[in-house]
Amino acid sequence: MRFTHQRGSQDNSAFFAKNAYFGVLLTTYSPLCWKGLHFFAYSKNVSTPTWNRPATPEKSVLSPEDAEQLDIISLGRRIRHLRKAKSMTLDDLSAAVGTAPSQLSLMENGKREPKLSMLKALATIFGVGLDELLGAAPPTRRAALEIELERAQRGPLYQSLDLPKVRISSRLPMDVLESLVGLQGELERRLNEQSATPEEARRANAELRGEMKERNNYFPAIEKEAAGLLKAIGHTSGPLSHHQVADIASHLGFSLHNVSDLPHSTRSVTDLKNMRVYLTQSQRSEHSTRSVLLQAFGHHVLGHAPPTDYADFLRQRVATNYFAASLMMPEKATVDFLQKAKNARELAVEDIRDAFSVSYETAAHRFTNLATEHLGITVHFQKVHESGIIHKAYENDGVNFPMDHTGSIEGQAVCRHWTSREVFDVADQFSAYNQYTDTTAGTFWCTARTERSTAGKFSLSIGVPYVHVKWFRGRDTTERSISTCPDESCCRRPPLDLQKQWAGQAWPSARAQTHLLAAMPQGAFPGVDETEVYSFLAHHAGDK
Ligand SMILES: [Zn+2]
């Protein structure tokens with residue numbers, strides 16, 4: 001079995017494919033990853049292809065000018081075919097239509113567009129209708145291939161490859177023609193497949209969020225696995241120390257190895273053959289090292305097989321992130337803590353963050369796992385970039401997140417009046433910012449903080465419907481805002497006086513949200529250079 005399903009070849013990487021998990025470096029953003037663990041890196045140069053997904057509709061890589069060119073090429077081939085079918089030479093045809101043979105040759109080679117009067121004359125001479133002469137279907141398989149190869153060689157893709165052009169003549173063997181066209185077609189198909197992927201990624205994300213909402217973001221089976229492990233190492237509450245993480249590793253039979261040459265596209269590599277986890281000695285915080293390790297164990301404990309498609313990959317990532325969080329913030333201890341706080345009407349995300357020594361994002365996300373199941377509180381969570389774009393979101397409280405046609409929330413701009421955006425304008429960045437917001441879906445109370453990362457500033461927020469605010473610290477805030485989004489007049493359209501001053505006189509150049517749209521899974525472990533990983537494993541397998 002090879003985990004790039006569309007390739008038939010066998011090599012020794014197949015073995016590693018079954019016996020290794022890769023955790024991926026924190027470089028590029030991907031939606032729905034929890035706890036600030038940006039889980040996969042998409043390197044533009046990674047060329048491990050073949051994600052097993054359904055064929056996407058053929059997309060033309062031709063510009064309109066190219067498409068017009070194509071018709072001229074195709075027309076030229078048809079003229080040549082019809083001429084030869086009539087056993088006419090160029091000279092014969094020249095005499096018949098009164099045009100120089102060189103001009104006819106240019107026409108047949110698709111380098112000159114014939115006038116309508118010329119087309120009429122040719123149609124009469126060949127004894128065909130204009131329709132047939134101009135028809136899209138090439139007359140023979142060979143002519144079709146010649147047209148296709150000509151089109152390909154004139155296209156930007158072929159030119160970018162810097163390869164010599166093959167002269168298309170009747171001496172070019174049919175099998176060579178078939179092969180060249182076939183290769184070109186496959187190359188285009190793969191490029192199209194990649195460019196179709198962000199859409200697939202968004203759909204998979206939306207679908208997964210629906211599933212999470214259905215179960216109130218609570219996964220009892222994972223909680224049970226985590227509880228069993230914690231019991232085995234004798235941990236009940238408080239922060240999970242590095243030492244205890246090492247205990248979990250040895251309980252599972254793993255040894256930990258710090259290396260300096262971890263493949264750059266990964267943040268951990270698990271060797272299931274020798275039960276080793278390789279990590280890099282990084283300057284990253286202890287929080288993040290713990291998460292990386294616990295997630296690596298998660299794949300093993302939860303019995304993950306190499307993902308079969310992108311949706312499967314996302315699901316596994318959600319599960320391992322959940323697993324790591326349920327070890328760092330054990331269910332029972334966290335619920336006890338929250339229950340006490342609720343009874344005292346003092347619920348606050350930063351308190352559980354401090355009690356378990358995790359990041360605010362981990363704490364906020366963990367809160368969504370337990371709030372509905374154990375406290376009866378419906379909730380929403382957001383991670384929003386300072387540009388206003390949603391990077392992650394979850395809700396089961398009916399809040400009206402902005403959505404695109406695929407049901408995707410990530411990549412959408414949040415209302416300017418929501419807490420998750422207003423918080424960026426708050427001077428005090430040390431305390432939580434709390435706000436009531438009247439929306440078209442009701443009144444919500446939200447608590448938010450901002451955090452800086454290499455990708456910019458983000459707000460992290462937890463919100464609840466008005467009915468639940470009585471349990472939270474910060475409910476006495478006087479901050480209040482009104483949002484009528486998705487009504488455009490809420491915040492998408494500029495105020496009237498500004499419109500009067502500037503309408504028609506501004507020409508902004510938009511910055512593409514490349515971090516979201518560039519979500520292109522490649523290979524079974526998106527963004528991972530498999531060759532590099534396997535070489536790495538082979539190199540280290542003999543380590544003591
Ligand atoms: Zn708005």
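# Reading a loop, a sheet and two helix pairs

Author: C485 lies in the loop between β10 and α19. Helices (H or I, at least four residues) and strands (E, at least two) are DSSP runs, numbered from the N terminus. Residue numbers start from 1 along each chain as its sequence is written. The model is predicted, and local features need pLDDT of at least 70, side-chain atom pairs count only at pLDDT 80 or more, while totals for chains, interfaces and linings use all residues.

Reader: Does C485 count as buried, exposed or partly exposed, and why?

Author: A residue is buried if 20 or more other C-beta atoms, placed from the backbone, lie within 10 Å of its own, exposed if 12 or fewer, and partly exposed in between. C485 has 19 C-beta neighbours inside 10 Å and therefore counts as partly exposed.

Reader: With which residues is C485 in contact, leaving aside its neighbours within four places in sequence?

Author: A contact needs two C-beta atoms, placed from the backbone, within 7 Å. C485 has such contacts with C415, C490 and C491. R416 is 69 residues away from C485 in sequence, with 9.2 Å between the two C-alpha atoms.

Reader: What kind of peptide bond joins C485 and P486?

Author: The bond is cis, with omega about 10°. P486 is in the loop between β10 and α19 (488–491).

Reader: What is the order of the strands in the open sheet?

Author: Strands of a sheet pair through backbone hydrogen bonds, either parallel or antiparallel. Here two strands pair if DSSP finds at least two bridges between them. The six strands of this open sheet follow the order β6-β5-β9-β8-β7-β10, and the pairing is mixed. β6 (390–395) and β10 (480–482) are the edge strands, each pairing on one side only. On average, neighbouring strands of the sheet are turned by 25° against each other, direction ignored.

Reader: How many bridges join β7 to β10?

Author: Three bridges join them, and the two strands run parallel. Residue T437 stands opposite S481 in β10.

Reader: Which strands does helix α17 touch?

Author: Helix α17 (residues 360–375) packs on the sheet and touches β5 (380–385), β6, β8 (442–453) and β9 (456–465). Its direction makes about 25° with that of β9.

Reader: At roughly what angle do the axes of α15 and α17 cross?

Author: Two packed helices are described by the angle between their axes and the distance between the axes. Axes are lines fitted to C-alpha atoms, for helices over the stretch in contact, and angles run from 0 to 180 degrees between N-to-C directions. The axes of α15 (residues 331–343) and α17 cross at roughly 70° and come within 10 Å. Angles under 35 degrees count as roughly parallel, over 145 as roughly antiparallel, 65 to 115 as roughly perpendicular and the rest as oblique. α15 and α17 are therefore roughly perpendicular to each other. E331, T334, V335, L338, Q339 and K342 of α15 make the contact with R366, L370, H374 and L375 of α17.

Reader: At roughly what angle do α3 and α4 cross?

Author: Helix α3 (residues 90–97) and helix α4 (residues 101–108) cross at roughly 110°, their axes coming within 9 Å. These helices, too, are therefore roughly perpendicular to each other. In the contact, L90, D91, L93 and S94 come from α3, and P101, L104 and S105 from α4.

Reader: Where does S87 lie?

Author: S87 is in the loop between α2 (64–85) and α3. Its phi is positive, about 55°, although S87 is not a glycine. S87 counts as exposed because it has 7 C-beta neighbours inside 10 Å.
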